[in-house]
Amino acid sequence: MTEIHPIPPLYSKNSEILILGSFPSVKSRENEFFYAHPQNRFWKVLSAVFNSPMPQNTDEKKELVLKNKLAVCRKSPVKAGLFRIYMV
């Protein structure tokens, strides 16, 4: 069976750190964005690391990522040498 993961990568020309996921959850695929399950601590931890308010929706999550020069993707969208890569 082939799994389809329609979530596009999120990065900008200013992104410096790539947070690379491996397999989006059903909830993430339903919401078409990363770490969407309500029990996932990703956004809580990320907001604490950057001393930012907890994002409440997808637009705020995207803003948090881009404002802090991050990129999120399920696989590398560009040459690996352009980012420091962290697997989650």
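User: Which residue just after H2 takes a positive phi?

Analyst: That is Asn51, with a phi of about 50°. Bear in mind that this is a predicted model.

User: Where do Glu32 and Tyr35 lie, and what is phi of each?

Analyst: Glu32 sits in the loop between helix H1 (26–31) and H2. Its phi is near 55°, a positive value in a residue other than glycine. Tyr35 is found in the loop between H1 and H2 as well. Phi of Tyr35 is also near 55°.

User: Why is Glu32 called exposed?

Analyst: Its relative accessibility is 53%. The cut-off for exposed is over 50%. So Glu32 counts as exposed.

User: And why is Tyr35 called buried?

Analyst: Tyr35 has a relative accessible area of 16%. Buried means under 20%, so Tyr35 qualifies. Phe34 is buried too, with a relative accessible area of 5%.

User: What makes Phe33 and Phe34 an edge-to-face pair?

Analyst: Two values decide it. The ring centres are 5.4 Å apart, and a pair needs centres within 6.5 Å.

User: What makes Phe34 and Tyr35 a tilted pair?

Analyst: The centre-to-centre distance is 6.3 Å, which is within the 6.5 Å limit. The angle between the planes is 35°. Stacked needs under 30 degrees and edge-to-face needs over 60, so this pair is tilted. By this rule the count comes to 5 aromatic pairs.

User: Which residues form the aromatic cluster?

Analyst: Phe33, Phe34, Tyr35, Phe42 and Trp43 form one cluster. Trp43 touches Phe33, Phe34 and Tyr35, among others. Its other contacts include Met54, Pro55, Lys61, Leu64 and Val65. That list leaves out residues up to four places away in sequence.

User: Which residues of H2 are buried, and how do you know that they line one face?

Analyst: In H2 (residues 42–49), the buried residues are Phe42, Trp43, Leu46 and Ser47. Seen down the helix axis, they fall within an arc of 120°, so they line one face. The general rule is that an α-helix has 3.6 residues a turn, so residues three or four places apart point the same way.

User: What does the face turned away from the buried side carry?

Analyst: That face of H2 carries the exposed residues Lys44, Ala48 and Val49.

User: What covers the buried residues of H2?

Analyst: The cover includes strand E1 (17–20), H3 and E2.

User: Which residues have the most contacts inside the largest nonpolar core?

Analyst: They are Ile19, Phe42, Trp43, Leu46, Val65 and Val72, in a core of 14 residues. The elements that give two or more residues to this core are E1, H2, H3 and E2. H2 gives the most, with 3 residues. In soluble globular proteins, nonpolar side chains tend to be buried together.

User: What makes E2 a strand with both faces covered?

Analyst: Leu70 and Val72 are buried on one side. Ala71 and Cys73 are buried on the other. In a regular strand the side chains alternate between the two faces of the sheet.

User: How do you know that E1 and E2 pair?

Analyst: They are joined by 4 bridges, and pairing needs at least two, so they pair. The two strands run parallel.

User: Why does Asn68 count as buried, and where is it?

Analyst: Its relative accessibility is 18%, under the 20% cut-off, so Asn68 counts as buried. Asn68 lies in the loop between helix H3 (58–67) and strand E2 (70–73). Leaving aside residues up to four places away in sequence, Asn68 touches Phe50 and Ser52.

User: How many helices and strands does the chain have, and what is their order?

Analyst: There are 3 helices and 3 strands. From the N terminus on, they run β-α-α-α-β-β.

User: What share of the chain is buried?

Analyst: Of the 88 residues, 34% count as buried. The accessible surface comes to about 6100 Å², and 53% of it belongs to carbon and sulfur atoms.

Key:
Residues are numbered from 1 along each chain as its sequence is written. This is a predicted model: local features need pLDDT of at least 70, side-chain atom pairs count only at pLDDT 80 or more; totals for chains, interfaces and linings use all residues. Side-chain values use heavy atoms; hydrogens and water are left out. Buried means under 20% relative accessible area, exposed over 50%, partly exposed in between (1.4 Å probe, protein chains only). Contact means heavy atoms within 4.5 Å. The arc is that of the directions from the helix axis to the C-beta atoms. Accessible areas come from the Shrake-Rupley method with a 1.4 Å probe; for residues, only the protein chains shown count as cover. A nonpolar core is a set of buried Ala, Val, Leu, Ile, Met, Phe, Trp, Tyr and Cys residues joined through side-chain atoms within 4.5 Å. Rings of Phe, Tyr and Trp (its six-membered ring) pair if their centres lie within 6.5 Å; planes under 30 degrees apart count as stacked, over 60 as edge-to-face and the rest as tilted.
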